[in-house]
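Dear colleague,

I am handing over the structure below. My notes on it follow.

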Amino acid sequence: MIEVDVLTIGAGGGAYPGAFRLARAGFNVLMVDKKGVMSGNCLAEGCVPSKAIREQIHTYLRFKVFNNVDVEMDYKRILSKKDEVQNIRYKLHEEELKAFKNLKLIKGVARFKDEHTVVVESDKGEEVVKAKYIIIASGADVFVPPIKGKEYAITSTDIYKLNPNLTYVPKEFAIVGGGYIGLETAFYFANLGSNVYIFEKLDRVLAGIDRYATQTLLKYLPKNIKIFTSVEVQEIALKDKKKVLYYKQDDAVKSVEVDEVLMAVGRRPVIPEGADKFLHINKAIEINNACQTNIPHIYASGDVNGKIPLFHTAIRQSLVCAHNIMANNTPVDYADFENVPFTVFTIPAMAFVGITKEKAENLNMDIVETSFDLKEDSRAEMYAEEGELRLFFDAKSLKLVGAYIVGTDAEQLVSHLGLAIKLGATARDLAEYQDQHPMTQECISKAARKLF
Ligand code: ADP
């Protein structure tokens, strides 16, 4: 039996930054992860590999504009660069771990025995671990709905994992699900030459994300992406080497014949076995803002608590857990689930933070808005790119409450704006700030200056 101060179930973003903090403070920490490596699904099949693909496509598109050339992209080379990035990062993490004697990572699957004990199952057999504190950071997994023929579809894991299963650009590509993973993947493959068909059950794509921002993004939808909304995918069948996807639209069953079908209807929290015996679970593990479950010495951090499925918020939550454990299980640190930057890494990207227009409308909140058209921005002009930045202020205080950006550097600008919200910046603060020229940050102060 192993006895430790803190056990983390999972070694992804929801676990390892907190584990390092606790180890630095002298706690004896053990991380258990199915994969046996740090960084979870983000590095294995999520943010990092998908962006490694995106950045290569984006650079290629910009290169075409600069040089007016039309060379073909080699998808296998794109993938080998993606794999290289993943491998480099795994090596870096290995080195980071070596720096600690009181922090260990073991490969295995953890299941709960009781509130302080888990059993870790691995190739070597079973090991019992007793811990004073437990941080559950077991993440989320691709959800595949029980559609007939679902086994003929691939998932994002098949595209983004190391040595992926999808190694070519399908000519005809169907994507089930118009969420951010579906849309990002659609934009990448459309730019690589696929004809993409997105099937979404709801009446809009990116449901849950500001509809005005989404409308702006859809102005830049590549011509070879077709979106079908209010449709229900019913079956996937094989026809020679092709796949036929049957979908219901206005009571009629229709079909498309494609080379590949991507199932992208969402991800679900992965709850360790046995946790349901004593934890409050409602699809995800319920927590308070201190990331504590109903059992105070058990924390749940990251995707598994179902709050916001993003790596950067998981990191912050893992530190919240660490700080509260360091304070003898007294909540002294709290996670902020409101002011979290979110980027849909399409090309162009769409990013948002805080309270944007649609949310303000739903909250009946009085806001003042201002915008800037990227057509007037010198850096966007250099890339021949377009887009829009929109800022939202509380009408009384003129404090920044939210923003969205579609276009050049959206993924960077959103971080400035999130920080401005956190620091309580007003429209006047933004208007007076000397944003660098010729950088897209200028759009922020220029938009704010329109109010004065
Ligand atoms: P987060 O960003 O929320 O930390 P990730 O999905 O990146 O989530 O990481 C979760 C990690 O936890 C993954 O590497 C996954 O394989 C691992 N995992 C899930 N369930 C278990 C379990 N029962 N025991 C050990 N590891 C687990």
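**Notes on the predicted model**

Phe 63 lies in helix H3, which spans residues 47–67. The model is a predicted one. With a relative accessibility of 40%, Phe 63 counts as partly exposed. Together with Val 69 and Val 71, Phe 63 forms a nonpolar patch on the surface, and the three have about 230 Å² of accessible area together.

Lys 51 and Glu 184 are both buried.

The whole structure contains 23 salt bridges. Two others can be set beside the one above.

- Lys 98 and Glu 95 meet through their side chains at 3.1 Å, N to O. They are 3 residues apart in helix H4 (residues 75–98), which puts about one helical turn between them. Lys 98 is exposed, at 58% relative accessible area, while Glu 95 is partly exposed at 48%.
- Lys 359 and Glu 338 form a salt bridge at 3.5 Å, N to O. This pair links distant parts of the chain, 21 residues apart: Lys 359 is in helix H9 (residues 357–362), and Glu 338 is in the loop between helix H8 (311–326) and strand E19 (342–344). Lys 359 is partly exposed, with 37% relative accessible area, and Glu 338 is exposed, at 55% relative accessibility.

There is also a network of salt bridges that links Lys 357, Glu 369, Glu 388 and Arg 390.

Now the ligand. It is surrounded by 23 residues, of which Gly 14, Asp 33, Asn 41, Ala 110 and Asp 303 are the closest. By type, the shell divides into 9 nonpolar, 10 polar and 4 charged residues.

Several polar atoms of the protein face ligand atoms. A polar side-chain atom of Asp 33 is 3.0 Å from a ligand oxygen. A polar backbone atom of Lys 34 lies 3.1 Å from a ligand nitrogen, and a backbone N or O atom of Ala 110 is 2.8 Å from a nitrogen atom of the ligand. Taken alone, the ligand exposes 590 Å², of which the protein buries 96%. Strand E2 (29–33), helix H2 (40–45) and strand E4 (109–114) are the elements that give two or more residues to the shell. The largest share, 3 residues, comes from H2.

Regards

Definitions and conventions
Residues are numbered from 1 along each chain as its sequence is written. This is a predicted model: local features need pLDDT of at least 70, side-chain atom pairs count only at pLDDT 80 or more; totals for chains, interfaces and linings use all residues. Side-chain values use heavy atoms; hydrogens and water are left out. Patches are made of residues with over 30% relative accessible area and no salt bridge: like charges are joined within 9 Å, nonpolar side chains (Val, Leu, Ile, Met, Phe, Trp, Tyr) within 5 Å. Accessible areas come from the Shrake-Rupley method with a 1.4 Å probe; for residues, only the protein chains shown count as cover. A salt bridge is a side-chain nitrogen of Lys or Arg within 4 Å of a carboxyl oxygen of Asp or Glu. Helices (H or I, at least four residues) and strands (E, at least two) are DSSP runs, numbered from the N terminus. Buried means under 20% relative accessible area, exposed over 50%, partly exposed in between (1.4 Å probe, protein chains only). A residue is near a molecule or strand if one of its heavy atoms lies within 4 Å of it. A polar contact is a pair of N or O atoms within 3.5 Å; within protein, one must be able to donate a hydrogen and the other to accept it, and residues adjacent in sequence count only if both atoms are side-chain atoms. Ala, Val, Leu, Ile, Met, Phe, Trp, Tyr, Cys and Pro count as nonpolar, Asp, Glu, Lys and Arg as charged, and the others, Gly among them, as polar.
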